[in-house]
Amino acid sequence: MKDHSQIIELIGRIIHKYNQWDNKKRTYGTDIPLTKAEIHTIAAVGDHPGINITTLAQVLGVTKGAASQMIYRLVDKGTVEKKVSPDSDTEVVLSLTGDGQINYQTHQAY
């Protein structure tokens, strides 16, 4: 029975270390530290120029609220821009800034 508890404890430690590694912020060609979710959002915007929040949420497999929160964070970090759509005054389209392009290209190369 003791062997099982040691194995369970070891597996728990491995999972904890993996989660620490997975949540670590990294830089992608700029000094802006980005989480895994942030860089994948940048990649989705880079792959789909002019994407809106609703379509971004579908691409990422998250809710519109979660996509919107992520975009606010990336706008604050200076990697994504929100602009009014040329087709509709109520729709917002997304594009990458200069830093966002560098992050996108570095991530694609990685």
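# Salt bridges, core and surface

The structure holds 2 salt bridges, counting a side-chain nitrogen of Lys or Arg within 4 Å of a carboxyl oxygen of Asp or Glu. Keep in mind that this is a predicted model: local features need pLDDT of at least 70, side-chain atom pairs count only at pLDDT 80 or more, and totals for chains, interfaces and linings use all residues. Residues are numbered from 1 along each chain as its sequence is written, and side-chain values use heavy atoms, with hydrogens and water left out.

**Salt bridge between Lys77 and Glu38**

- Lys77 pairs up with Glu38 in a salt bridge, with 3.0 Å between the closest N and O atoms.
- This pair ties together distant parts of the chain, since Lys77 sits in helix H4 and Glu38 in helix H2, 39 residues apart; helices here are DSSP runs (H or I, at least four residues) and strands are too (E, at least two), numbered from the N terminus.
- Glu38 has a relative accessible area of 2%, so it counts as buried (buried is under 20% relative accessible area, exposed over 50%, partly exposed in between, with a 1.4 Å probe and protein chains only).
- Lys77, at 26%, is partly exposed.
- Setting aside neighbours within four places in sequence, Glu38 is in contact with Pro33, Met70, Arg73, Leu74 and Lys77, where contact means heavy atoms within 4.5 Å.

**Salt bridge between Lys83 and Glu81**

- Lys83 makes a salt bridge with Glu81, and here the closest N and O atoms are 3.7 Å apart.
- Both ends are partly exposed: Lys83 has a relative accessible area of 44%, and Glu81 comes in at 33%.
- Lys83 belongs to strand E3 (residues 80–84), and beyond its neighbours within four places in sequence, Lys83 is in contact with Glu91, Val92, Val93 and Ser95.
- From Lys83 to Tyr72 is 11 residues in sequence and 13 Å in space, C-alpha to C-alpha.

**Nonpolar core**

- The largest nonpolar core has 20 residues, and the members touching the most others are Leu34, Ile42, Val45, Leu56, Ile71, Val80 and Leu94; a core is a set of buried Ala, Val, Leu, Ile, Met, Phe, Trp, Tyr and Cys residues joined through side-chain atoms within 4.5 Å.
- At least two residues of this core come from each of helix H2 (36–47), helix H3 (53–60), helix H4 (64–77) and strand E4 (92–96).
- H2 gives the largest share, 5 residues.
- Not counting residues up to four places away in sequence, Ile71 touches Thr41, Val45, Ile53, Leu56, Val80, Lys82 and Leu94.
- In soluble globular proteins, nonpolar side chains tend to be buried together.

- Ile7, Ile11 and Ile15 make up a nonpolar surface patch with about 280 Å² of accessible area together. Areas come from the Shrake-Rupley method with a 1.4 Å probe, and for residues only the protein chains shown count as cover.
- Patch members have over 30% relative accessible area and no salt bridge; like charges are joined within 9 Å, nonpolar side chains (Val, Leu, Ile, Met, Phe, Trp, Tyr) within 5 Å.
- Ile11 lies in helix H1 (residues 2–22) and, with a relative accessible area of 44%, is partly exposed.
- A search of the whole structure turns up 1 aromatic pair. Tyr18 and Trp21 form it, tilted, at 5.8 Å centre to centre with 40° between the planes.
- Rings of Phe, Tyr and Trp (its six-membered ring) pair if their centres lie within 6.5 Å; planes under 30 degrees apart count as stacked, over 60 as edge-to-face and the rest as tilted.
- Tyr18 and Trp21 both lie in helix H1, 3 residues apart, or about one turn of the helix.
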